[in-house]
Amino acid sequence: MTLDQAQNATLQRLAPHLVARPRRGVVGSSRQAKQLRDAVRSAASDRDRHAVLLYGEPGLEKDNLAALIHFGSKDRHHLMLRLDGARMRSDGTDLFGTGDAAEPSPLLELLGNGSLLVDDLDQVPEPVKQALLNLARSGEWAPLGARAPKHRFEGRLFFTAETSLAQFDGCCTLIRVPPLRVRRQDLGEWLRYELRQKSRSLGWQQVPEVPEGVVKQLQTHDFPNNLRELDALIDRAIQQVRHQETHHNDQNPGQAPKLLPEDVFWTSPRQQYARFDLWRWKPRLREWMRSPRLWNAFLFGLVSWLFVLVNLWLWVGPQDRAHNGALTLFWAWWWPLILIGFPLVGRLWCSFCPFMVWGEISQRLSRWIGWRPAPWPRGEHDGWASRWLSAGFALILIWEAVGDLPNTAWLSSCLLLLITAGAVVCSLRFEKRFWCRYLCPIGGMNGLFAKLSILELRAQAGICSGNCSSYACFKGGPADGEGLITDGCPLGTHPAHLRDNRNCVLCLTCAQACPHRSVRLAIRPPAADLQRTMTIPNGEPSLLLVLAGSVCLTHWQLLLGWSSLAPASLSSGPLLPRLSIATLALAIPSLCVLYARPFFSQARLERTVYGMLPLFWSLLLANHLPLGMEEAGLVMPVSASPLLGEGAWSLPHWRADPHVIAFCQSMSVTIGALWSAVILRRMLSNNRTAWIAATGLMLLLAATGRWLVNGSG
């Protein structure tokens, strides 16, 4: 055999095992990333060339870290070979040879001064593992089971394993590679780094942006397959967004998208327990509930015109609640019923909300005359919209108290029309329901308390990512199979990406559009959305404090009536003192939280406030029960009183006894307090002391709230 033939034969044997340059470095700025980076640098600068054992969970690219060390060291000009430990022969002949001179030279001999990487050391056959241990200790090797002289290995050894191996500890430099779930801080940097690399390979001149909300959402995922899973997730996201951009940009299908929204990132959902699928139980119920004819008749044939009639009633009828049935319907029926409905049906009210019905009517009329609303805007809108939403609700509550809206019909109508105007304007500006998702004060409250519901609508991520390419459930599109033509989710959310009930109005548009039966309607344990690992949306704790302040505002005389500056009534007298007292009463819960901030971290304080969501719900319900139980049963005589006078009271009517009302209020607060204790335990489960302190504070608030809603007695 000539020299060239021998070299070619050697290269052919080595080629399947050659390691290319490292794919990437250690990305991230967390403490774990810095420690790992320092360990890699230290191993690369090791002049004694000690063997290195890198251990950690699967999917962490430990082989890439070994390549980083090799190519960052003085050995970078030598070869590096990689062997899969799980595929090595039990006799070790592929690595150590047989000792027969007629056989080809073993890999260790061919490697010379290069580096050897043995992947999955814990799966190497035991005889070979022992030989590798001797090689790491002494630097000498010989064919297994053969009487042959020992050879000196001049290269360097690298091993990877899922756990550290005690027998190798003394002869190897150990590097622990932390899993991705303990490096959540680095996730944003990993995403942006990978996007830069993949954009370059796709020929994109612009790198798509990743909103911070997407990073926060992905940080709640554990990534059991670590970087391997993250890579696959980013690849799917790019493919999906390329499909969408091609659909919207026919003229330049290769153009890079400006943004990667949340709905293109598919993570494996956590295992959901104790779910009862209503549609699997009653398949015909699904067909009935997803019927567009039913929804169109209800929304546009009944709700829209009923809303018009109620507003006309408020304007032309008597102006006080004792003689105007529309005021009774709004204040004595709507408020208690919607609060009672939150734990049962979540945000269902929003699906047939009359404000947004007229927004959709305006949107359809604008398209008919040629005006097209802008596409659904992508981006971090919660950051600024949550402030407007909380401030808007606060202004409504102050207006309600100072203007005596519950007893002034035309002002109550103005409130309804003002909210409707916001829905109409946003519907003309943007497609779908931008107002409902980000700016509607009532929608913000509904989304907050919907997390307490026993009902949830979700899609199965495995079916969606594996079978669907149209994404009509949130984008809209033509009929496909049993999927119907729709405009997509009105809140611009994919049902497989829902982590809670906040952005689901149970309109069933996704169920209508889905051709794969991925969407399911299920009964679940109450408040299943409130978990220790959840991400608290921007602004929701502030809105919760505003809602708690409404209880203080209703009973402002018990809290602030002692002040010499307090007016006799919030509905009459000089305006400035009334506004001042109303604002101060509404701000009492927020001021208490500000007072507590020096004693708690912001994250723990927010989780504590959020864990009291059932208590705040129960206090609001108890606050509205007296009006509902005293006057809801009087709607018939009150409505007929302008025509029949005193004779209207011969019509059927009902009014609860004050003792019954007080009992129901106390029961409501008690249920809310016990429920909050359970939720706080769940959300603060990693700190027993914090849970005990939070529970004590919650019980104090429950006692104070019970005193307020039941009066001084």
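Start by selecting Leu506: it is buried, with a relative accessible area of 7% (buried means under 20% relative accessible area, exposed over 50%, partly exposed in between, with a 1.4 Å probe and protein chains only). This is a predicted model, in which local features need pLDDT of at least 70, side-chain atom pairs count only at pLDDT 80 or more, and totals for chains, interfaces and linings use all residues. Residues are numbered from 1 along each chain as its sequence is written, and side-chain values use heavy atoms, leaving out hydrogens and water.

Stay on Leu506 and check its backbone: phi is positive, about 55°, although the residue is not a glycine. Most residues other than glycine have a negative phi. Leu506 sits in the loop between helix H22 (472–475) and helix H23 (509–513); helices here are DSSP runs of H or I with at least four residues, numbered from the N terminus.

Next, select Lys432, in the loop between H18 and helix H19 (434–439). Its phi is near 65°, again positive in a residue other than glycine. Lys432 counts as buried, at 12% relative accessibility.

Now show helix H13 (residues 292–316) with helix H18 (residues 409–429): their axes come within 7 Å and cross at roughly 145°. Axes are lines fitted to C-alpha atoms over the stretch in contact, with angles from 0 to 180 degrees between N-to-C directions.

Finally, display the side chains at this contact (heavy atoms within 4.5 Å). H13 contributes Phe307, Asn311, Leu314 and Trp315, while the H18 residues include Trp410, Cys414 and Leu417.

Key:
Helices (H or I, at least four residues) and strands (E, at least two) are DSSP runs, numbered from the N terminus.
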